[in-house]
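Please look over the sequence and the structure shown here, and keep both in view while you read the paragraphs that follow.

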Amino acid sequence: MQKKWWKIACVILLVYTVVGGFLFDVPALRQLQETIRNLYFHVCMWMAMMTLFIVSVIYSIRYLRNGNYLFDIYAVSYARVGILFGILGYITGAIWASYTWADPNNPGYASFGSILREPKLIGAAMALLIYFAYFVLRSSVPDIDKRARTGAVYNIFAFAMLFPSIWIVPRLLPSLHPGQQGNPGLDFRDLDNRMRMVYYPAIIGWTLLGIWIASLQVRLTKIKDKTLLHA
Amino acid sequence: MPKSISRLLIFFLLLFTSITSLAQDFNNGEKAEMADSMRSNGKIYVVVAVLLVILAGLIFYLVSLDRKISRLEKEKS
């Protein structure tokens, strides 16, 4: 185990998230009721994904600047774990939506068909598919230097596409997903004080977990590609 | 499509139909205050316990992976 303190912090924050996330009081909103607790889990997946993708693109830029193969390893590993968190966020969001948006008790009842047309869902799917293509592209280039270089360039493009597809376009279109007027989870006036006590630690905890997994991936690849790194 | 995959698909299809019908039962009941009753029974702690076990298992696995990789790093260098 290397640099233990933040891993311990990660474990403590996640345990606190699970305990506090289920036991602390939350405001009972008309439609959401107790499902608002998903904020500590579903939304945090996307926050962790964003952080991991930002780290990934920074390493891609650094790779393009000096051609150090190590930076390419970092970029790939962080993008990989970012996709994992993105998929988890997508699935949890789908479950959450099917019991709140498409709920017969919902005054503004929406059918499943209209949920599938939700701009936020389509945007998120697009962003994830663009990142899938990053790995397809990489695996289709046999030459290591070329693979790293095209991969790094494509990663910057994928990161640029992330913003219109999950941040901008869903907000321009009518959507059931919260966040039409801003950042609902991050707005200080919007979020209940009681929820903030768990929500912010939860974001940090899940993000640290993602970084932990990515760092393991990096170290494993470093061992595997030892000969390449010292060439 | 191989037989095993189609079987798996059918399995998941059946799994999800049961989930949706269960949800309808909850929603069509007199009250949709499922969570409050869970609280009054004190059974929410069961969920917390289950999730803590899952979290503990995952973290235990991560730590053991971390250790293994550390050992490999030492061997190779």
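How do α3(A) and α5(A) run relative to each other, roughly parallel or roughly antiparallel? Helix α3 (residues 69–100) of chain A and helix α5 (residues 119–139) of chain A pack at an angle of about 150°, with their axes 10 Å apart, and α3(A) and α5(A) are therefore roughly antiparallel to each other. Axes here are lines fitted to C-alpha atoms, for helices over the stretch in contact, and angles run from 0 to 180 degrees between N-to-C directions; angles under 35 degrees count as roughly parallel, over 145 as roughly antiparallel, 65 to 115 as roughly perpendicular and the rest as oblique.

Residues are numbered from 1 along each chain as its sequence is written, and chains are lettered from A and ligands numbered from 1 in the order in which they are written.

Chain A contains eight helices and zero strands, where helices (H or I, at least four residues) and strands (E, at least two) are DSSP runs, numbered from the N terminus. Of its 231 residues, 35% count as buried; a residue is buried if 20 or more other C-beta atoms lie within 10 Å of its own, exposed if 12 or fewer, and partly exposed in between, with C-beta atoms placed from the backbone. Among the contacts in chain A with a separation of 6 or more, 76% come from residues 24 or more positions apart, a contact being two residues whose C-beta atoms, placed from the backbone, lie within 7 Å.

The crossing of α3(A) and α5(A) is left-handed, a term used if the near helix is turned anticlockwise from the far one by less than a right angle, whereas right-handed is used if clockwise. On the α3(A) side the contact involves Ala79(A), Ile83(A), Gly86(A), Ile87(A) and Tyr90(A), which meet Ala124(A), Leu128(A), Tyr131(A) and Tyr134(A) in α5(A). By class, this contact has eight nonpolar, one polar and no charged residues, where Ala, Val, Leu, Ile, Met, Phe, Trp, Tyr, Cys and Pro count as nonpolar, Asp, Glu, Lys and Arg as charged, and the others, Gly among them, as polar.

Helix α3 of chain A also holds Ile91(A), which counts as exposed because it has 12 C-beta neighbours inside 10 Å. Ile91(A) and Tyr59(A) are 32 residues apart in sequence, and their C-alpha atoms are 28 Å apart in space.

Helix α7 (residues 193–224) of chain A packs with α2(A) at an angle of about 50°, with the axes 8 Å apart, and that makes α2(A) oblique to α7(A). This crossing of α2(A) and α7(A) is right-handed. The contact includes Cys44(A), Met45(A) and Met47(A) of α2(A), together with Trp206(A), Thr207(A) and Gly210(A) of α7(A), and by class it has nine nonpolar, three polar and no charged residues.

The axes of helix α1 (residues 5–23) of chain A and α7(A) come within 8 Å and cross at roughly 135°, which makes α1(A) oblique to α7(A). Here α1(A) passes α7(A) in a left-handed crossing. Among the residues that meet are Trp6(A), Lys7(A) and Leu13(A) in α1(A) and Met197(A), Val198(A) and Trp212(A) in α7(A), and by class the contact has 14 nonpolar, four polar and one charged residues.

Chain B has three helices and zero strands, and 1% of its 77 residues count as buried.

Chain A averages a pLDDT of 86, with 87% of the residues scoring at least 70, where pLDDT is the predictor's confidence in each residue, from 0 to 100. Chain B averages a pLDDT of 68, and 42% of its residues score at least 70. Within chain B, confidence is lowest in helix α2 (residues 34–40), at a mean of 51, and highest in helix α3 (residues 44–76), at 87. Over residues 18–25 of chain B the pLDDT is below 50, and this stretch has one contact in the model beyond near neighbours in sequence. Where pLDDT is low, the predicted coordinates should not be read in detail. For the complex, the predictor gives an ipTM of 0.70 and a pTM of 0.78.

Notes
This is a predicted model: local features need pLDDT of at least 70, side-chain atom pairs count only at pLDDT 80 or more; totals for chains, interfaces and linings use all residues.
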